[in-house]
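Reader: I'm new to this one. Could you show me how to read a few of its features?

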Amino acid sequence: MHVLHVVGARPNFMKLAPVVRALAGRSSVRQTIVHSGQHYDAEMSAVFFEDLELPRPDVNLEVGSGSHAEQTAAVMLRLEPVLRDGRPDIVLVYGDVNSTLAGALVAAKLQIPVGHVEAGLRSFDRTMPEELNRRLTDDAADLLFTPSRDADENLAREGIPASRVYFVGNVMIDTLVRLLPRAEPPAEVDGLERYAFVTLHRPSNVDDPATLQRVLDALDEVGRELPVLFAVHPRTRRRLEAIGDRNRDNGMRLFPPLPYRQCLALQRAAAVVITDSGGMQEETTFLGVPCLTLRDNTERPITVTEGTNIVVGRRPERLPEAVRAVLQAPPRPARVPELWDGHAGERIADALEAWWSSIA
């Protein structure tokens, strides 16, 4: 069975690693990794392959940045000959980025089966590009690998036959479980015992200068309660440069994007995490660390109902009070969701082998 993986952005790589590792042990499987180049910055791409101990991609499409239409179209144009010439037996796509949808569409139009890892998640907010990518990818997919029971329910409501859905658990947690024992913080913060860890990158939080200024003001106020460590995504860094960064005297410290293991170490030891990242909502839930999500909704509601996540909305001025409440409240009992056990990659590999045996 020739499995071709299509990935393109940092969140994809954490999901790819356990599946590649699980399939690598199967003598009946051959694998090809295609990197779209959607994330091309070394801090967001090359260093992650090293940190996650992934093999180098077999193909890099080098699409770079652009509008959603430009990026999706570029991946489709450059991926089509790769699939047409390589003729994989199945194409696996991951998550909800533009490369995910592009890979699914090209494969489906070439009559190559598609497997979607992290299928069925819904924010029910169609203004989010990721929501459109998720829905359209699930429609195109033949095998849908879900991380939680609510994802199964979403797919059932949308008319996806249960025979195509595989509840395998959260593959990102596989990577966390494997690398957590080797997670070390950056040397410059080693020994810091109480801090807020921040990552923000979504357009709704960083693209509008006035909104970004409100976010910075709120983080300044949080910084009067405890140190703020802000890992700045390249997108956010460009926006900060555009508005002109300020000198701060309240303990906020800015970092470039961090390698996965350093990011994991900072999450594990944080008093609170402030983010708009879906993956970090899941990671903090597993780690039992309070998480404040600066969004109006989440496609991962299980992190709220069973985990440590609180959706505070797109009102940055709420952050200081929310942080104070977290610091004053007793820790919420941690509850790890079903099948978030570090073995999702193996379940995906088992499902793929069973599927292949049924059609070969």
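Reader: Which residues of H15 are buried?

Author: Buried means under 20% relative accessible area, exposed means over 50%, and partly exposed is in between (1.4 Å probe, protein chains only). In H15 (residues 344–359), the buried residues are Ala344, Gly345, Ile348, Ala349, Ala351, Leu352 and Trp355. Looking down the axis of H15, these buried residues fall within an arc of 165 degrees, so they line one face of the helix. That arc is taken from the directions from the helix axis to the C-beta atoms. On the other side of H15, Ser357 and Ser358 are exposed.

Reader: Before we go on, what am I looking at, and where do labels like that come from?

Author: This is a predicted model, where local features need pLDDT of at least 70 and side-chain atom pairs count only at pLDDT 80 or more, while totals for chains, interfaces and linings use all residues. Residues are numbered from 1 along each chain as its sequence is written, and side-chain values use heavy atoms, with hydrogens and water left out. Helices (H or I, at least four residues) and strands (E, at least two) are DSSP runs, numbered from the N terminus.

Reader: How far apart are the end C-alpha atoms of H15?

Author: The expected span of a helix is 1.5 Å times one less than its number of residues. With 16 residues, H15 should span 22 Å, and its end C-alpha atoms are 23 Å apart, which agrees.

Reader: What do the buried residues of H15 pack against?

Author: Contact means heavy atoms within 4.5 Å. The buried residues of H15 pack against several elements, including helix H1 (10–24), strand E4 (90–94) and helix H7 (171–179).

Reader: Let's peek into H1. Is asparagine 12 buried or exposed?

Author: Asparagine 12, found in helix H1, counts as buried at 1% relative accessibility. Among the residues asparagine 12 touches are Val7, Tyr94 and Thr100, not counting residues up to four places away in sequence. The backbone oxygen of tyrosine 94 lies 3.0 Å from a polar atom of the asparagine 12 side chain.

Reader: Now the strands. Which strands does E11 pair with?

Author: Two strands pair if DSSP finds at least two bridges between them. Strand E8 (residues 196–199) runs parallel to E11 and is joined to it by four bridges; there, phenylalanine 197 has valine 273 as its partner, and alanine 196 stands opposite valine 272. E11 also runs parallel to strand E12 (residues 291–293), with three bridges, and valine 273 has cysteine 291 as its partner there. Between E11 and E12 the chain crosses through helix H12 (residues 278–287), and this β-α-β crossover is right-handed. In other words, with the strands pointing away from the viewer, the path from the first strand over the helix to the second runs clockwise.

Reader: Which way do the side chains of E11 point?

Author: In E11 (residues 272–275), Val272 and Ile274 point one way and Val273 and Thr275 the other, and all are buried. E8 is covered on both faces too: Ala196 and Val198 on one side, Phe197 and Thr199 on the other, all buried.

Reader: Last one: what about phi?

Author: Most residues other than glycine have a negative phi. Arginine 87 has a positive phi of about 45 degrees although it is not a glycine. This arginine 87 lies in the loop between helix H3 (68–86) and E4, and is partly exposed, with a relative accessible area of 43%. Leucine 339 also has a positive phi, near 65 degrees, and is found in the loop between helix H14 (319–328) and H15.

Technical notes:
A polar contact is a pair of N or O atoms within 3.5 Å; within protein, one must be able to donate a hydrogen and the other to accept it, and residues adjacent in sequence count only if both atoms are side-chain atoms.
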